[in-house]
Amino acid sequence: MVKKRIILFLAASPKDTPPVGLAKEVNAIQEELQKSEHRNKFDLQQNLAVQVSDIRPQMLKIKPQIVHFSGHGAGDEGLIFFDDKTNQSKTVDAQALAGLFKLFQSVECVVLNGCYSKIQAEAIAQHVNYVIGMEYAISDEAAIKFARGFYSALGSGESFEAAFEHGRSEIQMADLGEHLTPRLINKRGIDETTETSQPSPTQSMARPSLTAKAAREPISKRLEDYGLIEITNDFLDEEAKKITDDLIARFFDVYEPGWPEAMDEKIPRRDMVNKLVGFLNRSKSGLRVTLLLGPGCEGKSTVLRQTVCCLVKTKTSSNFRIIWWEADDPKNLEHFTMLLSQLPKLNIKEKWLIVFDDPSTQLIKIIYDLCCESLGCRDIEFLLCCRDTVWKTYGEKLGSGRQNCWENRLEAPQEMGELTDEEAKKILEAWKAAGKLEYQDEDEANLIHKLLEEQKSDTERFYLAAMLRICENKTVEEGVQWRLKKILTDIKKKPKYQFILDAYACIVAMHKEGLSYLKPYVLAKAINYKPTQLRSDILEELGNEIILPKKDKQAILTRQRSIAEVVYELMSRSPHSIDFEDKIYPRLATSAQKLLGTVIDRHSTEIRNWQYKFPEHFAEEEPKRIDLAIRIAENLYHENKEEHLFTKLAQLYRDNGRSEKSVDLCRNCTLERRDRKFYHTWAYAEYETKNYVNSVCLCEFALADSTRHELDGESIMIYLSTVGLAFDGLCRNSGDDYAQALGASAQLGLKIAPGVKFDKDPEDKRKKTTIENLNNNIKRARDNGVAVTKLEQKDLKTLFENLQTGFKKVNPSFFEGIDQNLIKQLNELKKQLNELTFEKLKEKLGIPK
């Protein structure tokens, strides 16, 4: 009799999480095993709605060799299962899972086919030989493809390592772009996967490492695949061979500078180069951070490369080993951290300079965290070249908390200043030599003066604007218009002309608003173009007018926001007459929404940007465009009828003087899933339309035990503030019970306030506003005859009884006179209203049972 290897398939997709194709995945595994050569050697056992308490008994009973989890992962928080009591979602963290698998020696391999599950995989790998986890979000389609490839190979007699590679290959063959997401980790905690190579199925590949001895050897051959290049004399000598006669002309046509431009003596050096070289050669040791700041298109990247060339080509006292971070890709960040942890200590007489041009906020955060750790015992200098806006909105804020790790590591920023007379003279001479100077015969002194004035004449100073004005004898608008016409003339005869125009309009629209989260895949969806061909067919045709992202996860921008503003105006006019507000912006939002669950993770910052920040931007930023904000929110909701999108739309109506529309939207809502925020948004809209009875009753739903999600102190304070306003409205038509309920709601909210921390509100502004509203409700109670002194003396239980008395008096009148078309919803809510309990609310308020 053949001894079978048991596969235990555990799956969970609770109702309060996005649906996952669990049945499709287990069916795919069954199908591949049945087709395989060794199908009689495997036994697939399954539980498609696994509760936390199910896992241990099932594993004890069947003693599986392979455990396969399919469902949701929540990163650091853990994997999501069904809660034993509520049947809602419950997370189990990495250490708990590792402790469980430690007890089961029969398990040879664990597959965690859920988003961001690599954290759990690394913990489980302490006790299981082979564990597969997902480093990033993974779509249902890719998860199923991986399972097919993996189990097809296992069924054919392949090893776990080989089966893993077959799983990744299956994703890659389907052109899903997610084949690097699965990661294989062995029992020693070593990730046997590399991002850039495909190891043989039976050969594990450990990460590259640096010992103190190896650190003195060239590193570029081993780490350049991860975006790290050591800049040496030999490297620069090779790059210098690429200098050509037309290089300077290309440089002044705003091509992205490279190493040949940095070494070309015909391209002038700004004074900042010498300043930076001197600053970096200071005698300080340990971990240091130096910043080069300035606006976009100001020449920072050229200065940065020229500085590195000077440090390499001139023997300085610091004797730097210089590493250039070439690719700011999240997949490379762990290798970057690994490199730093193994650089030599101070007793090796070497200093390391690690240079970043335009680092992402993720990378800035990693450097900040390193400053907080023990890397200070190494001689490492970080040189960061950032846009001033990025640093001020993100980098500075990292050090604004209780622990400021920049304080002892970060030097005063080196800012790109305005041009000096000597710099202006060198630039004009270079322009003239490149044939780029319009004013060939004008007096040099006048030209220098013109350049200095032009460079600082914009509210957002930038070098490119001065180049347009001086070199081409045009205003910024004229220069941009000329460039735009030139682009359109060049591509108008091409069959893809309309796609290119649409793409440029989308890029311009976002950058003009200062919104930097338009990724290539969203753009491809918006213009209905194949993502894999977007770069070559569309983006590269736009030449120097956009900044081409190195990776698909980076945003696409124009060369400068000021230019985007001009292009926006030009494209709004004839002959293009592009309607940005009616078509472009709503289309971009719905395009991102359509990619939800595939290339855009449901829980990512990216989708929150599109669903929340995007409409809010137009509702809050001057000049306010409320109609556009609402139109975007309407499109998002109609594309995907989810409760959070519904609530956002209702809030936008309500916050912008359209409460009647918000009320109509809520009353006609057919969504089955409704949470506390939904009911509170509806309650406030009913209050603003003077439907006070409805507002009180809906606040009851927001505060009740049976309503999703967990009730927190922040919500209690806000909901009690709103219900107090509604009771105040009822006091004008009735007696003491409503006035007592008004005072009680305010007093209860104020009593719990000291222990409540409002999430995502570090400055407590929203909390202060809510406390002010509750105090105003106390004044309203006094105006309605409630003795505030007696109110303060009442215990919590009595206050709560007064609040419930107000509730019970209101409930029979709920929704009187409502349109009979809503009778089904009305009857259901009335029935539920009479069954509501508030035990969790009492517990949070500190009321004894």
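1. A salt bridge is here a side-chain nitrogen of Lys or Arg within 4 Å of a carboxyl oxygen of Asp or Glu, and the structure, which is a predicted model, holds 23 salt bridges.

2. One of these salt bridges pairs the side chains of aspartate 627 and arginine 658, at 2.5 Å from N to O. Aspartate 627 belongs to helix H26 (residues 626-639), while arginine 658 sits in the loop between helix H27 (643-655) and helix H28 (659-667), so the pair ties together parts that are 31 residues apart in sequence. Aspartate 627 is partly exposed at 45% relative accessibility, and arginine 658 is partly exposed as well, at 29%.

3. Arginine 673 forms a salt bridge with glutamate 643, with 3.6 Å between the closest N and O atoms. This pair links distant parts of the chain, since arginine 673 is in the loop between H28 and helix H29 (676-688) and glutamate 643 is in helix H27, 30 residues apart. Arginine 673 is partly exposed, with a relative accessible area of 35%, whereas glutamate 643, at 10%, is buried.

4. Within helix H37 (residues 839-845), glutamate 839 and lysine 842 lie 3 residues apart, about one turn of the helix, and their side chains meet in a salt bridge of 3.3 Å, N to O.

5. On the surface, Arg608, Lys613, Lys677 and Lys760 gather in a patch of positive charge. Of these, lysine 760 is placed in the loop between helix H32 (736-752) and helix H33 (765-783) and counts as exposed, at 82% relative accessibility.

6. Threonine 707, in the loop between helix H30 (692-703) and helix H31 (713-731), is buried, with a relative accessible area of 8%. A polar atom of the threonine 707 side chain lies 2.6 Å from the backbone oxygen of phenylalanine 701.

Conventions. Residues numbered from 1 in each chain as written. Predicted model: local features only at pLDDT ≥ 70, side-chain atom pairs only at ≥ 80, totals over all residues. Heavy atoms only, no water. Patch = residues over 30% accessible without salt bridge, like charges linked within 9 Å, V, L, I, M, F, W, Y side chains within 5 Å. Areas by Shrake-Rupley, 256 points an atom, 1.4 Å probe, with all protein chains shown as cover. Lys, Arg positive; Asp, Glu negative; His and termini not counted. Charge placed at Lys NZ, Arg CZ, Asp CG, Glu CD. Helix = DSSP H or I, 4+ residues; strand = E, 2+ residues; numbered from the N terminus. Buried < 20%, exposed > 50% of the residue type's maximum accessible area, 1.4 Å probe, protein only. Polar contact = N/O pair within 3.5 Å; in protein donor to acceptor, adjacent residues only side chain to side chain.
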